[in-house]
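Trainee: Please take a close look at the packing in one part of this model, and tell me how its pieces sit against one another.

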Amino acid sequence: MTKIKICGIKDQAVIPTLNQYLPDYVGFVFAKSPRQIKLPQAVALRRQLKPEIKTVAVVTAYDLSLITALVKQEVIQAVQLHCSISAQQLKQLQQLGLQVFQVVKSTWPRLAAADYWMYDAVQPGSGKLADWQQIDHQQHPLILAGGLNSTNVAQAIKQVQPQIVDVSSGVETNGNKDRNKIIDFIRSVRNADQKKYCN
């Protein structure tokens, strides 16, 4: 079954929806962004989410002190890296008990030990589609992000066959997470899975 990640959660308004519809992952953005949050906000949000929802720190630099603090306060179970990292740095993160989502970029080495390779649009968070034609879904477990929404995610699942689909702006209205769009997205993914496994 395709797992679901709702990224860029920054306020409590959508917590009841997330707890009801149970995406597999929720992303907290610690990079400079309109969706950026700080450690205290992340702690508060994590405590309100059901424990079965895994949380992901989204970062654009390898900040071991921040990541370690998040682990110690039991805020995250995974880290999503929009930066180049070494094999040793990857090992450090996994030794903290974290899943590692490594964003793929042509100038960065792809580390086979990463739990997932993540394919995103050239400008993450822009709402633009990633180039599905450039993705080899047989190579490595992958996450597909970039411009996904409830109307195109079924086609994305059929064509790319990702293990995880990631959405942020596709479930927003005027820059804020939209309850109905989150529900529609989750239902679209689950309906696409049902068709895939029933055919």
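Mentor: A residue is called buried when its relative accessible area is under 20%, exposed when that area is over 50%, and partly exposed in between, with a 1.4 Å probe and protein chains only as cover. Ala-154 has a relative accessible area of 36%, so Ala-154 counts as partly exposed. This alanine belongs to helix α5, residues 153-160. Ala-154 and Ala-192 are 38 residues apart in sequence, yet their C-alpha atoms are 5.2 Å apart in space.

The model is predicted: local features need pLDDT of at least 70 and side-chain atom pairs pLDDT 80 or more, while totals for chains, interfaces and linings use all residues. Residues are numbered from 1 along each chain as its sequence is written, and side-chain values use heavy atoms, without hydrogens and water.

Helices (H or I, at least four residues) and strands (E, at least two) are DSSP runs, numbered from the N terminus. The protein has six helices and 10 strands. Eight strands form a closed barrel in the order β1-β2-β3-β4-β5-β6-β7-β8, with parallel pairing; two strands pair if DSSP finds at least two bridges between them. Strand β4 (residues 78-81) runs parallel to strand β5 (residues 99-103), and four bridges join them. Val-79 stands opposite Val-100 in β5.

Contact means heavy atoms within 4.5 Å. Beyond its neighbours within four places in sequence, Val-79 is in contact with residues including Val-56, Ile-67, Leu-93 and Phe-101. A nonpolar core is a set of buried Ala, Val, Leu, Ile, Met, Phe, Trp, Tyr and Cys residues joined through side-chain atoms within 4.5 Å. The largest such core holds 54 residues, and Val-79 is one of those that touch the most other members, with Ile-6, Leu-18, Phe-28, Phe-30, Leu-144 and Phe-185. Helix α6 (residues 179-198) gives the most to this core, six residues. Another core lies apart from that one; its 11 residues include Tyr-25, Val-56, Phe-101 and Ile-164.

In α3 (residues 64-72), Leu-66, Ile-67, Thr-68 and Leu-70 are buried. Their cover includes α2 (39-48), β3 (54-59), β4 and α4 (87-95). After α3 comes Glu-74, with a positive phi near 60 degrees.

For the protein as a whole, buried residues make up 50% of the 199 residues. Of the contacts between residues at least 6 apart in sequence, 53% join residues at least 24 apart.
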